[in-house]
Amino acid sequence: MRFAVLGSGSRGNATLIETDGTRVLLDCGFGLRETERRLADLGVEAASIAAVVVTHEHGDHVGGVARFAACHGAEVWTSPGTWKGAGTPDAARLRLFAGHGSGFRIGALRLRPIPVPHDAREPCQFVIEGEGRRLGVLTDAGTVTARMREALKECDALMLEANHDPQMLRDGPYPVSLQRRVGGAFGHLNNAQAAELLDAVHHRGLRRLVISHISAKNNRPDLALAAVRGVASDLAPELLVAEQNQSTGWLSV
Ligand SMILES: [Zn+2]
Ligand SMILES: [Zn+2]
C-alpha cells in the first residue's frame with residue numbers, strides 16, 4: 001500500500017492512495033488540469049482512479065470532485081450530509097456512506113469514517129486499510145476527540161493536521177471572526193493539538209507521519225515539526241510536511 005499527497009493546505013487538498021490495483025483519491029480540491037498534472041508526475045493516469053472519496057464540502061476538498069469524476073468516470077463517495085452541504089451535485093456514479101457507520105470497501109481498500117468536529121454538515125476523516133496496512137488521515141478538525149484517538153491508534157502511517165500556531169494566528173492577517181473560526185472547536189488543529197493527538201496514538205509500529213493542512217499565513221513548517229518531534233523523536237527520518245504547491249511523491253505505508 002502506498003500514498004501520495006498531491007497537495008495540502010487551504011488552497012486545495014487531494015491524496016492518492018493505492019493498493020493492489022485499486023486507486024482512490026481522498027478529496028479533490030484542485031482543478032481538473034492541475035489534478036491530472038500532479039497525477040501524471042506520479043506516473044498515474046487519471047482514468048485509472050476508481051473513486052473520489054470526499055471528507056466534507058469545503059471548497060479546498062470538494063472543488064474539483066464533480067468535474068474530475070465526470071471526465072474520468074470515477075465513483076464519488078460522500079456522506080449524505082456532505083452531499084447536501086455541497087448542494088446535492090449530480091454525479092453519475094454517486095455512492096453514499098454513513099458518516100457514523102462502520103465503513104465501506106472500494107476494490108482492495110477498506111475505508112472507515114471518523115466523524116470529526118468541524119464546521120461542515122457531516123465531516124469525516126478516515127482510516128484506510130489495504131494489504132494488511134493501515135493509513136490514518138486526520139485533517140480539518142477543531143478538537144481532539146476520544147473517537148479520533150481510538151480510531152487512529154494502530155496505524156502504520158498517519159497524515160495529521162497541524163494547521164496553525166496560536167500566536168501566529170493571533171498576530172496574523174486574518175480578521176478576528178476568521179481567527180475565531182480557525183482556532184475554535186469546529187475549526188482546525190493547532191500545532192500543540194496535533195502533538196497531543198500524536199502522543200495519544202503514537203506506537204512502535206507507526207513508521208511515517210505527514211504533517212498536513214498547514215496554514216501558509218498562520219504557521220511555519222519548522223514550528224509544526226518542532227511540536228510533533230517533541231512527542232515522536234524516533235519518527236524523525238520519516239517525518240515530512242505536505243506542501244500546497246507540490247506533491248510529496250509516493251510514500252509507502
Ligand atoms: Zn480544509
Ligand atoms: Zn474544512
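**Figure 1. The largest nonpolar core has 28 residues.** Here a nonpolar core means a set of buried Ala, Val, Leu, Ile, Met, Phe, Trp, Tyr and Cys residues joined through side-chain atoms within 4.5 Å. Leu138, Met148, Leu152, Leu158, Leu160, Leu197 and Leu198 have the most contacts inside this core. Two or more residues come from each of H5, strand E11 (157–161), helix H8 (191–201), strand E12 (208–212), helix H9 (221–229) and strand E13 (239–241). H8 gives the most, with 4 residues. Helices (H or I, at least four residues) and strands (E, at least two) are DSSP runs, numbered from the N terminus. This is a predicted model, in which local features need pLDDT of at least 70 and side-chain atom pairs count only at pLDDT 80 or more, while totals for chains, interfaces and linings use all residues. Residues are numbered from 1 along each chain as its sequence is written, chains are lettered from A and ligands numbered from 1 in the order in which they are written, and side-chain values use heavy atoms, with hydrogens and water left out.

**Figure 2. Four residues coordinate the zinc ion (ligand 1): Asp60 (OD), His61 (NE2), Asp140 (OD) and His213 (NE2).** Donors are N, O and S atoms within 2.8 Å of the metal (3.2 Å for Na, K and Ca); water is not among the atoms, so sites may look incomplete. The angles among the 4 donor atoms run from 91 to 167°, and the site is irregular. Along the chain, the donors of the zinc ion (ligand 1) follow the spacing D-H-x78-D-x72-H. Asp60 lies in helix H2 and Asp140 in the loop between E10 and H5, so this pair ties together parts that are 80 residues apart in sequence. Asp60 is buried, with a relative accessible area of 14%. Buried means under 20% relative accessible area, exposed over 50%, and partly exposed in between (1.4 Å probe, protein chains only).

**Figure 3. Asp140 bridges the zinc ion (ligand 2) and the zinc ion (ligand 1).** The two ions lie 3.5 Å apart. Asp140 is also buried, at 1% relative accessibility. The zinc ion (ligand 2) is coordinated by His56 (NE2), His58 (ND1), His118 (NE2) and Asp140 (OD), at 2.2 to 2.5 Å. In sequence, these donor residues are spaced H-x1-H-x59-H-x21-D. The site of the zinc ion (ligand 2) is irregular, with angles of 89 to 171° among its 4 donor atoms.

**Figure 4. His213 and Asp27 each have a positive phi without being glycine.** Most residues other than glycine have a negative phi. Phi of His213 is near 50°, and this residue sits in the loop between E12 and H9. His213 is buried, with a relative accessible area of 2%. For Asp27, phi is about 65°. Asp27 belongs to the loop between strand E3 (22–26) and helix H1 (32–41) and counts as buried at 5% relative accessibility.

**Figure 5. The largest pocket holds about 230 Å³ of space.** Of the 20 residues that line this pocket, the closest to its centre are Val65, Ala66, Val76, Pro89 and Ala91. On a 1 Å grid over the protein atoms alone, a pocket is an open set of points with protein on both sides within 12 Å along at least five of seven lines, a cavity is a set of points where a 1.4 Å probe fits but cannot get out, and lining residues have an atom within 4 Å of a point. Grid points are joined across faces, edges and corners, and a volume is the space filled by probe spheres set on the points. Helix H3 (65–72), strand E5 (75–78) and helix H4 (80–85) each supply at least two lining residues, and H3 gives the most, with 4. By class, the lining of this pocket has 14 nonpolar, 4 polar and 2 charged residues. In this grouping Ala, Val, Leu, Ile, Met, Phe, Trp, Tyr, Cys and Pro count as nonpolar, Asp, Glu, Lys and Arg as charged, and the others, Gly among them, as polar.

**Figure 6. The largest cavity has a volume of about 80 Å³.** Its lining includes Asp27 and His61, and divides into 4 nonpolar, 7 polar and 1 charged residues.

Technical notes:
Tetrahedral: all angles 85-135°; square planar, octahedral: opposite > 155°, others 65-115°.
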